[in-house]
Amino acid sequence: MDRRHFIKRGFGAMATLGLGDTILLTHGAAQAAEQVLNYTPVLAGERAGQLRKVKNNYRTAKRITSVCLNCSTVCGIEAHVVDNKVIKIRGNPLDPNMGSYMTCAKGQSGPTINDYPERLLYPLKRVGKRGEGLWQRISWDEAYTEVADRIKASITSGHPERVALHQGRSRIDAEINRFLSAIGTPVQLNHRALCSSNKRAANYVSLGETDWESIDAERCKYFLNFGANFYEAHQGGLHLVSRVVKARYDHGAKLVTFDVRLSNTAGRSDEWHQPFPGTEGAVALAMAHVMLRENEFDQAFVDQYVQPGVATLRTWLADCTPAWAAKLSGIAVADIERLALEFARARPATVAFSNRGVGAHFNGFNAERAVVMLNALAGSIAKPGGYCYGLDEKLSIGRYPQPLPLPPAPKIRTDLEDPPEWPLANRWQKMKVGQIVYDFLRQGRAKLDVYLTYTLGSPMTWPEGRSTTVEVLLDETLIPFHACSDIVYSETAHYADLILPDATYLERWGLDIRNNLELTHFVTLRQPLTKPPGDARSFADVLFDIGRRLGPEQAKYFQFGSHEDFVRVQCSKLPTVGPDGRQFKDGFEYMKFYGAFIDKSAPKPYEIYRKPLSDKQLAGSRVEAGSGVVYRPNDKGKDSAVGLQVDGRAVRGFATPSRKFEIHAPEITQAARALGIVDDGMPTFARIPSHVDLPADRFILTSFKWNVHTQGRTASQKYLSEIVHDNPMWINVATAKKLGVKSGDMVELTTYRPRSGEDKAQQAYRGTGEVIGSARMRVFVTRGIHPRVVAVSNSLGWISGGRASEGKSGWRADVAARGISPDAAKGYAPAPALDDLNAGVWWDKKNGGRGNGVNINALLPINPQPLVGMQAWFDTVCSLRKVSS
């Protein structure tokens, strides 16, 4: 008998896959039918009519609170559940960021995730060549033994650091840290450098704390927005939007946006300005120049709390004139002058803020610092209506304890998790430089025995993901063993040796925390709304179960039990009496009911830098002459800066080395010097090397997110992909005229590796402009984009992940992981109405649709920014050529 008769094929076989059975899953496995006919969405038979008449009774549904994870905002939600099925999701009004039942489209899409037809249901072990797609169903016991034995081998060999865990957005950092610390490996890799590390680093070096500001938007009078598209895709965007709208309605707050593209935020602003890409930092410096020149700044705040002083700032900014910035950016001198003064005169209820539109450039770190600096000059730092910070945004062990004993932190370092080329990546927070991981493995800069991936779509979402990433994932000499935890058969799972079917965020536990725009500390509880299907299991529980199978030295850290038990301990210091007087046996039960705890005991952190030091903090302290820095011996007996002497009082100041807001940061100079880079420690503007003397036939490629998608988490959800499934290229009308194209025409986009700058650490990822790749795509002609820029949205162009993400229609009976079995489906009409992923994927090209778009990340180079290492997403030089469809 031929081999294929023993092998089940496609997701339709997943539901009936027996232990030891073999299944073939390949890229594009979701496509089950080559032809889709016209159909009438009616089921055949009496049973069909009964199914169609079912109505949800919301009055009898069970109410359960939890936390969304369809994006990084992690909103508190309230679900309605009937018979282990989520039928409705809305916001949890007890989440202070939400404050209402409102939630966005991504949150509303949540109920579709649990019942997603192409879900992974069982642990699968590779039985063919890696990347061939041939899998065998195994038990969890076998899976745990496989992973544990390999980890034990690394520990026994004296190389625990050869075990790495690479995560996307997990929200279970404490659990992952415990697992890796128990092993003794520091290699917890993340995606921070592909997301927000420049912004976070700029806040850290300036303020000395917090990873994301909490704009006091409701009380703000003037918003100066550099590259943040918070109406669509921004951390906390939904909550920021509601407060900005209120500020504009209540007291006429003004919103000014700088963006190369007419985003939804730019389109709803009072003013939209189009700078040349990567010149926002120059505009911010010129605004600072105007504020100092016209003496429109907070003199008292700058004198007391800003380093360096006014005299040095005036000298440094002398050449940063509006005319200089106008030449670089294309923004008119008069506009730079006017906006700078409008912003300054609205102080202190004024905010300058940013996001990836500024930070995701080769010069993004200093551009972010320049924007934050404007708040210091305006004296709006930690003021009502200003740029606020100082909230406890971490699940600190003191406040949220963990089961004892705690494993010690590993003391090993490796180039993979702490690359010396980017010394500031991990200085303030473990931000890593994730885009270089695969290339470092290829270079032999690090060795791995065990590679664990979790919610990581790197072949899809990484720069050079379809080339560098895939090449390394396929190479068993570089990655000897790869276990992937995922919900659907993703592009990462395709290149694994072991697949661990994960629970969705609606099926697992977790304590979550986020910065709060109401300026109060709060925490939320993620709890299961339904049971996961098949043998799917929460990744945290998987890690704990594996941990107990390691040697006794590791197993002792996992004796507390399950993930639920872990979270119960974390909640042990939370209240037992609710805001409405209800009593609970412990904090865990409190959180299960309300879903959120808000600490209203502490005042809002306005002017937190002025908080006086206590007698305990001052015990044994000394004040350094000249600087006024208050030092006190730390636990290691060394002097540590704890405050600042201001007007004869010892106050908290900022958590920087100087205890002041640091425009000048000496530690940046020191870090740069070690790499042979000259850096004055100021947020000085430098042009992007590849953009200097840009030829007339070359353009700059940028990407963006729609409000219904995140980078790698949402395309498999049909409700969201039917809203946005295609990503035509935005080009300016002038560009279109030169190319002779109109909206709907096709062009070939070709991208080039950036030219080398002076930074020696970047040489491995920079070149002389060689071609990276090409793709054909449809154009959208508009005046809403800079003439030298083309834009393509990301999150699309999947080749694995289910019918919705792949844009492939097909019969549910052929691909379903849950629901109607293939045998039962035989009695149905050709197109079951229950299967809205059949002809419901109306964007399938074979049905005349436009397909699922282009993976733009595959055409972008690995391009880490100096010192911090954030990916310079928006610097890629490209060319365009009209082609036939």
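Predicted model: local features only at pLDDT ≥ 70, side-chain atom pairs only at ≥ 80, totals over all residues.
Biologist: The side chains of Glu667 and Arg427 meet in a salt bridge, at 2.9 Å from N to O. Why is that called a salt bridge?

Modeller: A salt bridge needs a side-chain nitrogen of Lys or Arg within 4 Å of a carboxyl oxygen of Asp or Glu. Residues are numbered from 1 along each chain as its sequence is written, and side-chain values use heavy atoms, with hydrogens and water left out.

Biologist: What makes this pair a link between distant parts of the chain?

Modeller: Glu667 belongs to helix H25 (residues 666-673), while Arg427 is in the loop between strand S16 (387-388) and helix H16 (437-443), and the two are 240 residues apart. Helices (H or I, at least four residues) and strands (E, at least two) are DSSP runs, numbered from the N terminus.

Biologist: Why does Glu667 count as buried, and why does Arg427 count as partly exposed?

Modeller: Buried is under 20% relative accessible area, exposed is over 50%, and partly exposed is in between (1.4 Å probe, protein chains only). Glu667 has 17%, so it counts as buried. Arg427 has 37%, so it is partly exposed.

Biologist: Which residues do salt bridges with shared partners join into one network?

Modeller: Lys254, Glu271, Asp335, Arg338 and Glu342. Over the whole structure, the search finds 56 salt bridges.

Biologist: How do you know that Arg119 forms a salt bridge with Glu507?

Modeller: Their closest N and O atoms are 2.7 Å apart. Arg119 is in the loop between helix H3 (111-114) and strand S6 (124-126), and Glu507 is in the loop between strand S19 (498-501) and S20, which puts the pair 388 residues apart. Arg119 and Glu507 are both buried.

Biologist: And what about Asp512 and Arg171?

Modeller: Those side chains also meet in a salt bridge, at 2.6 Å from N to O. Asp512 is in strand S20 and Arg171 is in the loop between strand S8 (163-167) and H5, so their contact ties together parts 341 residues apart in sequence. Asp512 has 2% relative accessibility and is therefore buried, whereas Arg171, at 22%, is partly exposed.

Biologist: What makes H9 largely enclosed by the rest of the structure?

Modeller: 13 of its 14 residues are buried, so the structure around H9 largely encloses it. H9 covers residues 280-293 and reaches 20 Å from first C-alpha to last, close to the 20 Å expected at 1.5 Å a residue; the expected span is 1.5 Å times one less than the number of residues. Asn295, which follows H9, has a positive phi near 55°.

Biologist: How do you know that S24 and S25 pair?

Modeller: Pairing takes at least two DSSP bridges between the strands. S24 (residues 629-633) and S25 (residues 639-646) have 5, in the antiparallel sense, so they pass. Arg632 stands opposite Ser640 in S25, and Tyr631 has Ala641 as its bridge partner. Their hairpin has 5 residues between the strands, with Gly637 at a positive phi near 80°. S25 and S26 also run antiparallel, joined by 3 bridges, and Leu644 faces Val651 in S26.

Biologist: What makes S23 and S26 the edge strands?

Modeller: The open sheet runs S23-S24-S25-S26, and strands S23 (622-623) and S26 (649-651) each pair on one side only.

Biologist: Why is one space called a pocket and another a cavity?

Modeller: On a 1 Å grid over the protein atoms alone, a 1.4 Å probe fits in a cavity but cannot get out, while a pocket is an open set with protein on both sides within 12 Å along at least five of seven lines; lining residues have an atom within 4 Å of a point. The largest pocket holds about 1,500 Å³, a volume being the space filled by probe spheres set on points joined across faces, edges and corners. It has 50 lining residues, with Asp173, Ala174, Asn177, Gln188 and Lys430 closest to its centre. H5 gives the most to that lining, with 7 residues.

Biologist: How many cavities of 30 Å³ or more are there?

Modeller: There are 6. The largest is about 750 Å³, and of its 41 lining residues, Thr455, Gly457, Gly712, Arg713 and Thr714 are closest to the centre.
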